[in-house]
Structure formats: structure tokens, C-alpha cells
Amino acid sequence: MIMTTLQVQSKKGPFAADQVGSLLRPQALKAARQQYKEGVISREQLRQIENEEIEKIVRKQKDVGLKAITDGEFRRSWWHLDFLENLVGVEGYEANAGYHFSGKTTSSHQVRVTGKIDFSDEHPFLVDFDFLNKLVGDSGDFIAKQTIPSPGMLGRYNYLDGSCYDDEAAYFHDLGQAYKKAIRAFYNHGCRYLQLDDTNWAYLCSQEKREEIRKDGRDPDHLARLCAQAINAALEDKPEDLTVTMHICRGNFASSWIFSGGYEPVAEILFGSVNVDGFFLEYDSERAGDFHPLRFVKRPDLKIVLGLITSKFPELEAKAAIQERIEEATKYVSLNQLALSPQCGFASTEEGNILTEEDQWNKLGLVVSIAEDIWNDAPATE
């Protein structure tokens with residue numbers, strides 16, 4: 001069993017025990033959202049119910065031992081579309097079909113680029129963060145964690161149709177600058193822990209999808225570099241006391257997935273050039289590959305959060321098995337740089353994964369327990 005000397009848990013994220021963000025929607029919230037759709041209750045009434053349910057899960061996260069506290073994404077239908085469709089130059093619409101996962105298909109709601117990309121201080125997520133931040137408080141024991149989709153999530157849309165952009169470089173430039181404004185806006189609202197969620201990198205890990213990109217006349221490595229540039233542009237002049245991480249998974253809808261493939265095809269670009277403070281990496285199944293791509297982690301300050309606990313299924317992982325996998329990862333990354341989390345959120349869409357709320361809290365409690373065993377009991381080093 002591992003156990004070398006390392007630093008005690010930092011007071012800023014990522015934490016030894018952390019989480020991705022979304023939580024299962026309670027039945028009261030699901031019922032209220034349906035009533036709102038049917039016109040039974042008003043938007044204000046729905047928001048009040050959201051507030052009440054968020055208050056409950058903030059307390060629950062604190063009780064289970066987490067330091068990074070989210071609002072469970074309780075105000076969203078999707079982990080990404082609700083944010084993206086409120087950017088300037090993007091709109092939501094009903095497509096002919098939804099996203100196709102392994103054995104499942106989502107609703108048909110999607111987004112498209114309709115104009116020059118920008119970010120407005122009127123974005124509703126800013127007010128949502130204000131509510132969460134006030135609930136979490138400023139004791140220093142906990143921090144409000146805000147999650148938003150990464151710039152890469154707009155990297156695959158058909159923006160070069162002549163109506164908005166006729167130049168790829170101009171599009172990715174505007175995308176980076178819009179996110180730079182977004183990051184500064186969240187910071188000005190008090191955010192000090194921001195996570196960029198990005199399945200685009202998993203898309204670029206898939207050999208099947210990479211071949212589809214080539215058939216379309218594009219180079220997947222070029223697309224990876226463009227996305228990296230947009231992310232780095234967004235991070236330019238990032239305040240030192242703001243932590244920005246990136247979460248990568250292979251899809252999460254009703255316990256299903258969409259992509260498969262290890263990190264090797266993108267590892268050098270991703271770990272070697274994307275200037276985030278840490279990566280939350282899905283590692284709960286063979287579809288994510290092995291730890292060998294972590295050899296490209298060269299920065300000693302870069303945190304790698306291993307998503308070894310699945311959020312898709314209720315069965316609780318064996319502590320010893322997770323500890324062994326963490327030890328395996330130390331062949332490539334120092335234990336000081338590692339942390340633990342579930343591999344994804346529990347409800348990337350409002351439908352949620354196929355497990356109970358009790359299962360969810362047991363999973364998060366397991367993350368905390370393992371992290372305490374591995375990290376908190378070790379002596380501190382300079």
C-alpha cells in the first residue's frame with residue numbers, strides 16, 4: 001500500500017476528496033419542473049423550490065465531508081446546453097434527433113451558432129452562483145464550486161456555414177475571448193473554484209470519431225490544438241487566487257456513455273499545453289484506458305483527480321481496489337499531485353443516472369473516506 005510523505009490537503013481545490021458537480025434531482029424538484037412546463041406553477045415558484053432543494057444538498061455535501069460544494073446543477077436540464085445557449089451568438093433549438101448514447105438517446109434539444117460569439121454579464125448563471133456562494137459561506141472550511149462547459153464544447157459545431165464565420169481562426173479567437181470574459185465575470189462574483197467540463201477531449205480520444213473527422217476533411221490533432229488555444233486564451237491573466245480545472249468524461253446520460261478510448265491520442269497536447277490547474281479524469285472503466293498517458297504530466301503544480309468511483313451504477317467499490325489503482329497511478333504522477341473523485345456527476349442531465357440518492361451519498365462518502373486514509377493521515381512536507 002502506498003504511503004509516502006506528502007502535503008496535507010490544500011485549502012483550495014482540487015481537494016484530496018472532490019466531486020465533479022451534478023447531483024441526482026430530488027423528486028420534489030422533478031415534480032416542480034414538470035409543473036412549470038405544464039404551466040401549473042410560475043417561474044418564480046419553481047425558483048423558490050430550486051432554492052429550497054439546493055439549500056438541502058449544500059448541507060448534505062458538507063455533512064458527507066466534501067469541501068468543494070456545488071448546487072448540484074439543480075437549475076439546469078443539461079450539464080452544458082443551459083450555459084451555452086445563454087452565450088451571445090448561440091441559441092437552443094429542437095433538432096431532428098438527440099444525442100445517441102450506448103443504447104439510449106437523449107431529447108432533441110441542441111444548440112447552434114447564430115452570430116458572433118460573446119459573453120454578457122446578464123448570463124443567468126452568475127446570479128445562480130451568487131445564491132450558491134452565499135449558502136456555502138465564507139468560513140474557509142468550504143468553497144463554492146462553479147461548473148460550466150468548456151470552450152471545447154462549441155468546437156465541433158458547424159460554425160463555418162458562411163452565415164456567422166467564414167474563418168476558423170476567427171471563430172476560435174472569439175470563443176476564447178468570450179470565455180475569458182466569463183471567467184472574469186464569475187471571479188468578480190466571488191468565484192474562486194471554476195471547473196470547465198469538456199467531453200470534446202474524449203471525442204478526440206475515440207479512434208472511431210477521429211476517423212469520422214478525417215473523412216470530413218479535417219485533422220483531429222489540428223482541432224485539438226485549436227481547442228487548447230481557445231482554452232488558454234480564456235485563461236490569460238487568470239487571477240492567482242482562482243483555481244480552474246477541467247473535467248473530461250466519455251458521456252453520461254442515464255448511466256450510459258457515448259465515447260470510448262484512452263487518453264493517448266490527445267495526452268501530449270492536453271497535459272502538456274492546456275494551462276488549467278488540474279484535470280478531473282474519468283478512469284472507472286476500461287473504456288478510459290490505462291494510466292500510461294499520464295507520463296505527459298510534466299508540471300509539478302498540475303493536479304490530477306482520478307475519477308475511479310463510478311457515478312453510473314449503485315454498487316460500491318472496494319476500498320482496497322481503489323487504493324491499488326491510486327498506487328498504480330503514482331508510477332506516472334506524484335502522490336502529492338493526485339486526488340480522488342467520482343468519474344462524473346450523478347445527473348449530467350435532469351433525468352439522472354440509474355441509482356438512488358442514498359447510493360449517491362454512499363459513493364461520495366467513500367471518496368472522502370479513501371482520501372482521508374491516503375492523504376490526510378500522512379505527515380506534511382515543505
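**A walk through the model**

Guide: Let's start with Gln-195, which lies in strand E8; helices (H or I, at least four residues) and strands (E, at least two) are DSSP runs, numbered from the N terminus. This is a predicted model, where local features need pLDDT of at least 70, side-chain atom pairs count only at pLDDT 80 or more, and totals for chains, interfaces and linings use all residues. Residues are numbered from 1 along each chain as its sequence is written, and side-chain values use heavy atoms, with hydrogens and water left out.

Visitor: OK, is Gln-195 buried or exposed?

Guide: Buried, with a relative accessible area of 0%. Buried means under 20% relative accessible area, exposed over 50%, partly exposed in between (1.4 Å probe, protein chains only).

Visitor: And what does Gln-195 touch?

Guide: Not counting residues up to four places away in sequence, its contacts include Gln-19, Lys-145, Gln-146, Thr-245 and Phe-280. Contact means heavy atoms within 4.5 Å. Gln-146 is 49 residues away along the chain, yet the two C-alpha atoms are separated by 6.2 Å.

Visitor: Switching to helices: how many residues of H8 are buried?

Guide: 12 of the 16, so H8 is largely enclosed by the rest of the structure. Among them are Pro-220, Leu-223, Cys-227 and Asn-232.

Visitor: What covers those buried residues of H8?

Guide: The cover includes helix H5 (168–188), strand E8 (193–197) and helix H9 (264–273). H9 has buried residues too, namely Val-266, Ala-267, Ile-269, Leu-270 and Phe-271, and H8 is part of what covers them.

Visitor: How do H1 and H2 sit relative to each other?

Guide: The axes of H1 (residues 27–37) and H2 (residues 43–64) come within 10 Å and cross at roughly 170°. Axes are lines fitted to C-alpha atoms, for helices over the stretch in contact, and angles run from 0 to 180 degrees between N-to-C directions. H1 and H2 are therefore roughly antiparallel. Angles under 35 degrees count as roughly parallel, over 145 as roughly antiparallel, 65 to 115 as roughly perpendicular and the rest as oblique.

Visitor: Which residues of H1 and H2 meet?

Guide: Ala-28, Leu-29, Ala-32, Arg-33 and Tyr-36 in H1 meet Arg-43, Leu-46, Ile-49, Glu-50 and Glu-53 in H2.

Visitor: And what about H10 and H11, at what angle do they pack?

Guide: About 55°, with the axes of H10 (residues 319–329) and H11 (residues 357–376) 11 Å apart. H10 and H11 are therefore oblique to each other. Ile-322 and Ile-326 are among the H10 residues in the contact, with Leu-366 and Trp-375 among those from H11.
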